[in-house]
Every structure is written in structure tokens, then in C-alpha cells.
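Please walk me through this structure. I want the helix packing and the annotated sites, in plain terms.

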Amino acid sequence: MAANEEVLALRAEVTQREEELSSLKQRLAAALLAEEESEPERLVPVSPLPPKAALSRDEILRYSRQLVLPELGVHGQLRLATASVLVVGCGGLGCPLAQYLAAAGVGRIGLVDYDVIEMSNLARQVLHDEALAGRAKALSAAASLRRLNSAVECVPYAQALTPATALDLVRRYDVVADCSDNVPTRYLVNDACVLAGRPLVSASALRFEGQITVYHYDGGPCYRCVFPQPPPAETVTNCADGGVLGVVTGVLGCLQALEVLKIAAGLGPSYSGSLLLFDALRGHFRCIQLRKRRPDCAVCGERPTVTDLQDYEAFCGSSATDKCRSLHLLSPKERVSVTDYKRLLDSGASHLLLDVRPQVEVDICRLPHALHIPLKHLEQRDAESLKLLGEAVRERKQGTQEGAALPVYVICKLGNDSQKAVKILQSLTAAQELDSVTVQDVMGGLMAWAAKIDETFPLY
Amino acid sequence: MAAPLSVEVEFGGGAELLFDGVKKHQVILPGQEEPWDIRNLLVWIKKNLLKERPELFIQGDSVRPGILVLINDADWELLGELDYQLQDQDSVLFISTLHGG
């Protein structure tokens with residue numbers, strides 16, 4: 001019995017100490033970051049890295065496994081130690097990339113990111129941790145890298161890369177890695193690299209797929225050679241909408257690190273003029289041959305029209321973030337706030353709540369009283385779904401005033417798809433394919449519901 | 001009269017979502033007067049394979065900006081773009097470029 005009591009007491013003490021330790025770690029991380037944040041913002045590193053003649057005893061031990069590779073050797077390691085790399089974006093690609101660069105002993109790593117850490121980043125952005133949610137990604141990444149390798153100089157830039165700052169910044173680094181998440185930044189980084197004469201290692205990922213290539217290296221094509229025109233904004237999917245598996249950005253970030261290291265060490269990249277496609281679901285890597293540099297390219301061609309950095313948000317018709325866009329398809333009177341909808345729900349008034357999210361999102365969370373019909377089914381005028389909708393409307397109309405139109409409220413995650421669905425329902429009623437209803441959407445969708453009405457409702 | 005062609009048409013990078021999520025399509029292009037090129041392959045795809053929102057795939061008589069066309073794993077720009085004449089057993093890949101990170 002005594003032994004049993006001792007076990008219990010020890011367990012309790014271990015739990016208590018663990019809690020203390022966890023709280024101390026959080027305070028330490030926050031204090032380290034606060035120290036960092038209080039430093040004046042440096043836009044540029046102070047001086048070029050000095051040449052290095054030899055490796056120290058510690059360096060030889062630390063890098064011994066890669067030093068014995070004849071392709072790299074002491075010569076390559078010395079080149080890495082004096083190389084500087086600018087990492088644009090400290091997210092799913094930038095984290096593993098910067099981690100391997102720091103581990104391999106790259107001399108200086110610049111880390112650009114204007115964004116702050118959110119809990120939904122942690123499944124793929126592996127340099128950040130729970131304790132630093134809400135803090136700047138650039139600072140968090142720099143702090144992690146310093147813990148990994150104190151000899152590497154990490155320079156965080158907790159600000160957006162802009163046409164005003166990009167060229168000056170890119171000029172101060174030898175190699176640039178595009179780990180960004182939006183189209184305007186991709187054109188901006190490309191043009192800055194062409195104008196500054198720097199090679200650009202560019203990767204991207206979404207869902208289960210990734211792509212990587214090297215632009216503007218040794219006479220090879222640049223991003224604009226391959227994509228002279230930006231894609232229409234409505235065709236671009238971000239990670240929040242499309243989803244992404246962390247391992248996929250991890251694989252691409254590692255491949256990017258490999259290309260950067262080969263360029264920095266003088267081995268030359270493998271994907272200049274070719275594009276590697278990775279399909280994680282099928283387990284396929286496929287390398288395709290890209291076009292040559294275009295003599296008529298707007299930025300790297302023979303008579304360039306882009307000789308200065310431009311307004312890339314205007315050029316692309318989208319903003320330089322991957323935040324979800326807000327559509328404005330409906331007039332204010334075709335929309336209700338979550339607060340007004342809650343009031344109506346509490347009043348017990350007869351109505352129909354229609355959830356138009358894809359099934360996979362309904363599986364995550366839902367309002368139990370909502371009828372679920374995915375937007376896609378409405379767009380396709382799916383007969384089964386329209387029948388279901390018609391029945392639900394008729395059922396809820398019983399007990400309401402004869403002939404009165406039933407209020408239908410459409411909800412989705414953020415309040416974009418719900419507007420599209422309202423438009424479709426309006427056309428269905430106009431064509432008398434649906435009983436008389438009045439249709440409005442719930443502004444801000446279920447995420448607004450979670451923020452303002454029910455804090456136990458999941459955010460995703 | 002051009003003979004029927006057997007061609008592999010593939011979509012990736014999210015472009016497959018406009019084709020019911022199906023990435024690989026082994027198709028037979030029927031024999032016709034003029035030779036099959038990418039220009040009329042696109043018309044054929046729009047009519048026979050494309051399931052929704054054609055504007056997210058086609059713009060004018062070409063693909064929309066942001067879709068890369070690869071013929072036998074090479075950028076179509078190296079092969080004459082819309083004018084490339086398809087051969088039996090060719091593989092044509094339409095890849096939507098990704099921007100996430």
C-alpha cells in the first residue's frame with residue numbers, strides 16, 4: 001500500500017513539475033522573441049560575408065558527414081560558409097528549406113515574412129511552435145535556426161517584400177528561394193532576381209502536389225519566360241481553401257534546399273530549365289523540359305519592358321497574401337449577420353438553414369439543424385439535391401401563413417460560396433423550379449459564427 | 001484523311017478538378033480531314049472531357065494563363081504550341097501551376 005501511495009505522489013509531482021517546466025518554456029520563448037522584436041528593424045545585413053580560408057576543428061566535426069563527400073569536400077563547405085541565401089516566406093516551404101540550409105552551414109540566411117504564426121500553420125511550418133502563436137514568423141524562424149546552428153547568421157525581416165524594398169534586399173544575397181504563397185510575390189521575386197542577376201529557386205505546393213524549378217540561372221528561363229501572363233485571380237487556390245499536406249510542402253522545401261546548396265557550393269542545380277512535378281498521392285516524380293529563355297521576355301529578354309519593379313498586385317489583380325478573398329456578389333439586404341441569424345433562430349421562426357460546404361468540411365463540423373447540399377450540386381442543378389431542397393422547403397412551410405415565402409438562409413465557411421448559392425437559388429425560384437422563398441446568406445459564414453456566437457464551434 | 005489517334009491526355013496541379021477529378025484519360029481521336037493539332041484537341045477536350053466551368057481551362061482558342069501544356073514531357077513552346085501536330089501515342093499533360101507554400 002505504501003508503495004502505491006508513493007507511486008501516486010510521485011506521479012502528481014511529475015505532473016506538477018511538467019506544468020511548471022512547460023510554463024517556463026513558454027515564458028522563455030516569449031522573452032527571447034520580445035528581445036528580438038525590440039531590436040530596431042534592420043533591412044539590410046551589415047556587410048558582405050568575408051572569405052573563409054579554412055574550417056575550424058569544430059566545423060570539421062560538425063560537417064564531417066558531408067565533408068567526406070568528394071563532390072562537396074572542404075572547398076564546397078567553405079563556399080557554403082560564405083554564401084548568403086534569401087528565403088522569401090517562412091511557411092510550409094521556407095521552414096524545412098531554412099532548417100536544412102542552417103544545418104548544412106550556410107553562412108547567412110535572410111528570412112522574409114510579414115505574417116504571424118497561427119495554430120493552423122503548425123501542421124506544416126515546422127520551425128514554429130505552439131508557444132509562439134500570434135508572433136512574427138520571420139522572428140520565430142530565426143530563433144529556431146539559431147538554436148539549431150549558432151554559427152549561422154540569421155537575419156529576420158518581419159515585413160512584406162515590396163517593390164520598394166525587394167531589389168535592394170535581393171542584391172545583398174547570393175541565392176534567392178521563393179517560398180511564397182501568392183502570385184504577385186512570385187512575379188515580384190522573379191523580376192527582382194532578374195534585375196539583380198541572382199538565381200531563383202522556386203517551389204510551390206497544394207493539396208498532394210508540388211512543383212519546383214530554378215529560374216534565371218546561367219542563361220535559363222525566368223518565371224516570366226514560362227508565365228508571361230498571370231493567371232486569372234479566380235483560378236488561384238490557396239492552402240486554406242484547397243488544403244495541403246504538411247509532408248508535401250516538406251518534400252518540396254527539402255528539394256529546394258538541395259538546389260540552393262548545390263548552387264551555393266558550386267555544384268550547379270539540377271532543375272534549371274526543367275520543372276519537377278511531385279504527385280504525392282500516386283508517389284510520382286516527373287521531370288519535364290521547360291522552354292528556353294525567351295528573347296522577347298518582358299524582364300529577361302533582349303529588349304525588356306520591365307526595367308524597374310512594378311505594382312504586382314495590380315498586374316495580377318490579386319493581393320500579395322494567401323488570405324481568403326471576400327466576394328461581394330450580393331446587396332446588403334440579401335445578407336444577414338450571424339448575430340441577426342442567431343436572434344431569428346432563438347425566436348423559433350420557421351426557416352431553412354442551407355449549408356453549401358463540401359462534404360469533407362461538413363464532416364469536420366456543422367450546425368445540426370442545417371440542411372446540407374454542396375454548392376457543386378446546386379451549380380450542376382443536381383436533380384436529387386433539388387428534390388431534397390424542395391421537400392425541406394415544403395415541410396417547413398407547413399404551419400406558416402398560406403402563400404408566404406419561406407426565408408432560406410445559406411451558410412458556408414466564410415461567406416463566399418454562400419453568396420454564389422444565393423444567386424443560384426434566386427434563379428431557381430425565378431424559374432419556378434423552387435417554391436416561393438426569400439434567400440439571404442449568412443455573412444462571414446460558420447467562422448463568424450464560431451467567432452461571435454459559439455466559441456465552442458471549431459475553427460478550421 | 002488523318003487516321004484515328006490514340007493519345008494520353010493528363011491533367012494535374014488541380015486542373016483535374018474540372019474533369020471530375022480524373023487525372024489520366026486514354027482517348028481515341030477519330031479520323032478527320034485535317035490533321036489533329038493541339039488547337040483542335042482543345043476543342044475536342046472541351047466537348048468531350050471537360051465537366052465544368054470551361055473558363056477555368058480555356059481562354060479564346062488556347063488554354064488560360066497559368067496552365068502549362070507539356071507534350072511528351074516537353075514544354076509545348078518548344079514544339080509549336082497550338083500548331084503542334086499530334087502523333088499516335090503522344091502524351092499531352094495540362095498542368096495548373098501551384099502558388100501555395
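Helix 4 of chain A (residues 73–81) and helix 11 of chain A are roughly perpendicular to each other. In this predicted model, the two pack at an angle of about 105°, with their axes 8 Å apart. An angle from 65 to 115 degrees counts as roughly perpendicular, so this pair qualifies.

Helix 4 of chain A brings G76(A), R79(A) and L80(A) to the contact. Helix 11 of chain A brings L261(A), I263(A), A264(A) and A265(A). By type, the residues of this contact are five nonpolar, one polar and one charged.

## Helix 5 against helix 11

Helix 11 of chain A spans residues 246–265, and helix 5 of chain A also packs on it: their axes come within 7 Å and cross at roughly 40°. That angle makes helix 5 of chain A oblique to helix 11 of chain A. The crossing is right-handed.

On the helix 5 side, the contact uses P96(A), L97(A), Y100(A), L101(A) and A104(A). They meet T249(A), G250(A), G253(A), C254(A), Q256(A), A257(A), V260(A) and L261(A) in helix 11 of chain A. Nine of the contact residues are nonpolar, four are polar and none is charged. L261(A) also belongs to the helix 11 side of the contact with helix 4 of chain A.

## How enclosed is helix 5?

Helix 5 of chain A covers residues 94–104. Eight of its 11 residues are buried, so the helix is largely enclosed by the rest of the structure. The buried residues are G94(A), C95(A), P96(A), L97(A), A98(A), L101(A), A102(A) and A104(A). Just after the helix comes G105(A), with a positive phi of about 90°.

## Two annotated cysteines

Which residues does the UniProt annotation "active site" cover? The unreviewed entry gives C239(A) and C412(A).

C239(A) sits in helix 10 of chain A, residues 239–242. Its relative accessibility is 8%, so C239(A) counts as buried; the cut-off is under 20%.

C412(A) is in a loop of chain A, between strand 12 (406–411) and helix 17 (417–430). Its relative accessibility is 4%, so C412(A) is buried. Leaving aside neighbours within four places in sequence, C412(A) contacts V356(A), R357(A), D417(A), S418(A), G445(A) and L446(A).

## The annotated binding site

The unreviewed UniProt entry also carries a "binding site" feature.

K137(A) lies in helix 6 of chain A. It is buried, with a relative accessible area of 5%. Leaving aside neighbours within four places in sequence, K137(A) contacts C90(A), D113(A), D115(A), V116(A), I117(A), N121(A), Q125(A) and H128(A). A123(A) is in the loop between strand 2 (108–112) and helix 6 (137–148) of chain A. Is A123(A) buried or exposed? A123(A) is exposed, with a relative accessible area of 70%.

## Positive phi in chain B

N72(B) has a positive phi of about 50°, although it is not a glycine. It lies in the loop between strand 5 (67–71) and strand 6 (74–75) of chain B. N72(B) is partly exposed, at a relative accessible area of 40%.

Q89(B) is another residue other than glycine with positive phi, near 75°. Its place is the loop between strand 6 and strand 7 (91–96) of chain B. At 55% relative accessibility, Q89(B) counts as exposed.

## Chain A overall

Chain A has 18 helices and 13 strands. Its C-alpha atoms fill a box of roughly 90 × 85 × 45 Å along the principal axes. Of its 460 residues, 49% count as buried. Among contacts in chain A with a separation of 6 or more, 70% join residues 24 or more positions apart.

Definitions and conventions:
Residues are numbered from 1 along each chain as its sequence is written. Chains are lettered from A and ligands numbered from 1 in the order in which they are written. This is a predicted model: local features need pLDDT of at least 70, side-chain atom pairs count only at pLDDT 80 or more; totals for chains, interfaces and linings use all residues. Side-chain values use heavy atoms; hydrogens and water are left out. Buried means under 20% relative accessible area, exposed over 50%, partly exposed in between (1.4 Å probe, protein chains only). Helices (H or I, at least four residues) and strands (E, at least two) are DSSP runs, numbered from the N terminus. UniProt positions are given in the numbering used here, feature names are shortened, and annotations may be inferred rather than shown by experiment. Contact means heavy atoms within 4.5 Å. Axes are lines fitted to C-alpha atoms, for helices over the stretch in contact, and angles run from 0 to 180 degrees between N-to-C directions. Angles under 35 degrees count as roughly parallel, over 145 as roughly antiparallel, 65 to 115 as roughly perpendicular and the rest as oblique. A crossing is left-handed if the near helix is turned anticlockwise from the far one by less than a right angle, and right-handed if clockwise. Ala, Val, Leu, Ile, Met, Phe, Trp, Tyr, Cys and Pro count as nonpolar, Asp, Glu, Lys and Arg as charged, and the others, Gly among them, as polar.
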